[in-house]
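Open the model in your viewer and keep the sequence panel beside it. This tour goes stop by stop.

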Amino acid sequence: MKRLLFACLCLFPGLANAQTTLFSAETLKGWVNVRAVATNGETSWLHERAYGKTRYGGETKGRLAEAALIWTPRFSETVTGYIQVVHVPELGHETGINEAYLKWRPVPKSALRLSARLGQMYPPVSMEHEGVGWTTTHTVTPSAINSWIAEEVLVQGLELSLKQSYSQQQVGATLGVFRGNDTSGTLLSYRGWALHDIRSTTTAKLPLPRGNAGWSRIFRSQAPFTKPAKEIDDRQGYYARLDWRPSVPLALNATYYNTHGNPTDFDNGQYGWATRFFNFGAKYEPSARIEILSQLMVGNTKWGRMRADGVRAVDMDFRSAYLMASHISPKGRRLTARFEHFETEDYSNPLIDNNNETGQALTLAWMRPINAHLDLNLEWLAVSSKRPSRLYQGLDPQSSQSQLQLDLKIKY
Amino acid sequence: MKTTLTVIGSLLCATPVVAADLRVSITDTSGKPVRDAVVTYEPAAGSAPVGIKAPYVMAQRDMNFTPYVLVVPAGATVSFPNQDAVSHHVYSFSPARKFQLPLYGGGLSRSLTFPTAGTVAIGCNIHDSMQAYIRVIDTAFYAQTDDKGVVTLTNLPNGAGDLVIWHPMSSAKGGETHLPLSVQGPIKPISVQLKIRRMAHAGGGY
C-alpha cells in the first residue's frame, strides 16, 4: 500500500512552485457549533451504549456540538491539500482527523473535466453534505443514509473523477480504490440506523449497544466499540459512481460500494465485514428556489464463517430512502422538510441475535445565515422505530421520540 | 375610444421611417421572457465599427462571475478583477478564445484581449459553480435582453442580412438562432421563441 501511495504521489506534478501557499487567510477555516437541545424518549446511542436513534435523547440542555478546523494548503496551480480536524464531545473528548487528502484538478483543455483525490475521504454518496468541510446545508441532521456514511464509511484511498459536458447534457464517472473501512457495517447491524451529525475520524471509537442477550453476549471478542477506519484483511475495497445531468433541471447518480472485505478476518477486537451497497440519488429543481432531493440505499453486510445452513454469523440486508423538499429565499434562508424510511433484515439467527429493524423519521429545518460568520439553525426531528433487540435492554421494541435543536454556528 | 386609438396607431405606423428599427421579443417555450439573450444583425454588405464603449469588465464577486453575459467587440480588452476574498483561476477552452488566467487573489485583476468573434464560455478551476459567457461580436447592430426579453435594434441599413439570436442555454446549435432578414424600410416586430435548457446545479464539492 505504501508503494501505491508513493506512486500516486509521483503522479501529482509540480508539488512545489511559485503558487505554493501553505498558510494564509484563505487556507484556514474553522467553526464552532453550540446548541440548545430539547428531546424526549430513549437515551442516545452515544451514551451508555444505548439504542437511541438520535444524537441527544431524554435531555434538555445547552452544549458544544462540534469544533472543526480545516487547512487547505495550495502546493501548485492544480494541487491542493485538505485536512479537517474535528472535535466531537461525544467521542470521548477526542479530537481527530476527519478527511485528509491531496486533490488534483488540472485546468480543463476541453469539455472533459478531470480530478483526483488521494487520502482519507468520504466516497461521493451523500447529496446532503454540500457545505464547506463536508457539512449539511439543508438540515442540521443528515438522513439515516448519510448519517451512516458520516460515521461508518470513511476510507483511505485514491479516487479519479471524470466529467464530460456535451451541448445538451453532462455525464460523469468516478472510480475509487481504498483501504480501511473493513469494520463498516458493525454499527449498522448491532445498533441499526440512526440520525445524527457526528462525523467519524481516523481514531474514532463508536460505542456499540450492549444487552443481556444478543451480539454482546455471543461475540465476546468484539470490542464494545467499532473503529470505522480500521484495516483488517489487507484487501482493497472499491467504489464506482455514475452521474448524469440532462438538459432539464434534474441530476441523477448511482454508486456501487464494496469493502471487498474478508468476512472471516479478525484483528484486535474488530471483525472484518464484507459490506456492499448501491446508492441511487436524484435532485430535481422545479424552480431556482426549490429543490427536491432523494436517495435510496440498498445493501448487505456480513461477517463470520459460512455455516452449514449457508449463513454467516451476521448476514443482514439494509435499506433506506428519503425524500426531501427544500426552499431557499433570496436572502439564503432555507426551509426544508424530509421524510425517510429505514429498515434492516437479519438472515443469520434472529432468535438469539436479532438485528431486524424498521423505522421512519420526519425532519423540519430552518437554516438562516445571519452574516459571514454566523448561522442560526432550527430543527425538529421525529423518529419512530421498531427494533426487537431493545428487549435485550429491557425496553419496549417500539420507540418514538422527537428532538428539537437550536444551533448556532460561529465560523471563520 | 378603441377605434380612435387604432386609427392613431395606424397613422403613426404610416409615418415615413428614415432608418429601420427592429423590435425583437424573445420568450422561452412556456412564454416567459428570456434575459441575457444577445441579438445581432449582420448586414451582408458588412458593418460599421462596433460602438460598445469600454471598459469591458468581467468581475468575480460573491463566488460568481458578473455579469453573466458580457458583450464586447472583437479586439476588445476585457479586465477580470477579483473582488472576492478568495483566489480564482479563470479559464476557457472555447475555440473562439482558449486561455487561462493563473490563480490570483482578491483585489487583483488580469486583462485579456478577445480578437475573434464568437462565444467564450468561462469558468473557474477552483469553483466549478462559477460560469459566465463573453459574446464577442463584429457588427454595430446588437442588443442584449433584460428581464422583459425585448430589445430594439436601431438604424438597420437597407439590404439583406442575418439576424442572430444567441443565448448560452439555447438548445439551438451553438446557442444561435439565425433568421435571414431583408430590410427595405420599416420592419415588423419579430417574436422569437427559444428552447432554453435549464440544467440542475452541479452538486458534489468532492
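## Stop 1: Arg49 of chain A

Select Arg49(A): with 18 C-beta neighbours inside 10 Å, Arg49(A) counts as partly exposed, because a residue is buried if 20 or more other C-beta atoms lie within 10 Å of its own, exposed if 12 or fewer, and partly exposed in between, with C-beta atoms placed from the backbone. This is a predicted model, in which local features need pLDDT of at least 70 and side-chain atom pairs count only at pLDDT 80 or more, while totals for chains, interfaces and linings use all residues. Residues are numbered from 1 along each chain as its sequence is written, and chains are lettered from A and ligands numbered from 1 in the order in which they are written.

Now check the backbone. Phi of Arg49(A) is near 50°, a positive value in a residue other than glycine. Arg49(A) lies in the loop between strand E1 (28-39) and strand E2 (60-71) of chain A. Strands (E, at least two residues) and helices (H or I, at least four) are DSSP runs, numbered from the N terminus.

## Stop 2: His260 of chain A

Stay in chain A and select His260(A). Its phi is positive too, about 50°, although His260(A) is not a glycine. The loop here runs between strand E11 (250-258) and strand E12 (266-267) of chain A. Is His260(A) buried or partly exposed? His260(A) is partly exposed, with 16 other C-beta atoms within 10 Å.

## Stop 3: Phe225 of chain A

Go to Phe225(A), in strand E9 (residues 225-226) of chain A. Phe225(A) is partly exposed, with 18 other C-beta atoms within 10 Å. Which residues does Phe225(A) contact, leaving aside its neighbours within four places in sequence? Show Lys205(A), Leu206(A), Pro207(A) and Leu208(A). Two residues are in contact if their C-beta atoms, placed from the backbone, lie within 7 Å.

## Stop 4: strands E17, E18 and E19 of chain A

Colour three strands of chain A: E17 (residues 334-346) and E18 (residues 357-371), then E19 (residues 374-386). Two strands pair if DSSP finds at least two bridges between them. E17(A) and E18(A) pair in the antiparallel sense over 11 bridges.

On to the next pair. E18(A) and E19(A) are antiparallel over 13 bridges. Here Ala361(A) stands opposite Val383(A) in E19(A). How many residues lie between E18(A) and E19(A) in their hairpin? There are two. While you look along these strands, recall that in a regular strand the side chains alternate between the two faces of the sheet.

## Stop 5: where the chains meet

Show both chains. In the contact, 20 residues of chain B meet 20 residues of chain A. On the chain B side, strand E8 (88-92) and strand E9 (99-104) each give two or more residues. E9(B) gives the largest share, three residues. By class, the chain B side has nine nonpolar, nine polar and two charged residues. Ala, Val, Leu, Ile, Met, Phe, Trp, Tyr, Cys and Pro count as nonpolar, Asp, Glu, Lys and Arg as charged, and the others, Gly among them, as polar.

## Stop 6: the two domains of chain B

Colour chain B by its domain assignment: domain 1 (18-47 + 139-194) and domain 2 (56-137). Such bounds come from an automatic or database domain assignment. The domain centres, taken over C-alpha atoms, are 25 Å apart. Nine residues from domain 1 and seven from domain 2 of chain B make the contact. On the domain 1 side, strand E2 (38-43) and strand E13 (141-144) of chain B give two or more residues each. That side has four nonpolar, four polar and one charged residues.

## Stop 7: a sheet in chain B

Select E14, E1 and E17 of chain B. They form an open, mixed sheet in the order E14-E1-E17. The edge strands are E14 (150-156) and E17 (190-194), each pairing on one side only. Strand E1 (residues 20-28) and E14(B) are antiparallel over five bridges.

## Stop 8: two cis peptide bonds

Finish in chain B. A cis peptide bond joins Ala54(B) and Pro55(B), with omega about 5°. Pro55(B) sits in the loop between E2 and strand E3 (56-57) of chain B. Now step to Thr66(B) and Pro67(B): the bond between them is cis, with omega near 10°. Pro67(B) is in the loop between strand E5 (64-66) and strand E6 (69-73) of chain B.
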